[in-house]
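Please read them beside the sequence and the coordinates.

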Amino acid sequence: MANTFLMFYLSMIMFLFGCMVFVSNRKHLLSTLLSLEFMVLSLFIFLFFYLNFMSYETYFSMFFLTFCVCEGVLGLSILVSMIRTHGNDYFQSFSILQC
C-alpha cells in the first residue's frame, strides 16, 4: 500500500520535471519532443498504478500507449519535415513571414 503511494508521488514528480524541461527548453525541437515523451511516460506509470490500485482493468493503458505512439510518430514526422525544409531544428531560424 505504501509502495503504491510512493509510485504515485514519484510519477507526479517525474511529470512536473518533464513540464519544467518542456517550458524551459525552447532551442531545439528534438529536446522538446523528448520532454513530451518523458511526460507521457510518467503519465502512463501513474495511470497503470492507479488502475491497479483501484482494481480496475488495465486494458485502457493499451489505448493510452497506442495514442502515445501516434503522438510520437507525428512529432518525429514534423521534425523530419522541418529538417528537410529548413536544414536544422532551431526555433530561432523560423519566421512567420516565411510560412
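**Notes on helix α3 and the annotated spans**

1. Met62 lies in helix α3, where helices are DSSP runs of H or I with at least four residues, numbered from the N terminus. The model is a predicted one, in which local features need pLDDT of at least 70 and side-chain atom pairs count only at pLDDT 80 or more, while totals for chains, interfaces and linings use all residues. Residues are numbered from 1 along each chain as its sequence is written, and side-chain values use heavy atoms, without hydrogens and water.

2. Leaving aside neighbours within four places in sequence, Ser61 is in contact (heavy atoms within 4.5 Å) with Phe44, Leu47 and Leu51.

3. Leu79 also lies in helix α3 and counts as buried, at 8% relative accessibility. Residues up to four places away in sequence not being counted, Leu79 touches Leu29, Leu30, Leu33 and Asp89. Leu79 and Leu33 are 46 residues apart in sequence, yet their C-alpha atoms are 9.0 Å apart in space.

4. The unreviewed UniProt entry annotates residues 6–23, 30–53 and 59–83 as "transmembrane region"; positions follow the numbering used here, feature names are shortened, and such annotations may be inferred rather than shown by experiment. In the model, residues 6–23 are 100% helix and 0% strand, with end C-alpha atoms 26 Å apart. Residues 30–53 are likewise 100% helix and 0% strand, their end C-alpha atoms lying 35 Å apart; strands are DSSP runs of E with at least two residues.

How values were computed: Buried < 20%, exposed > 50% of the residue type's maximum accessible area, 1.4 Å probe, protein only.
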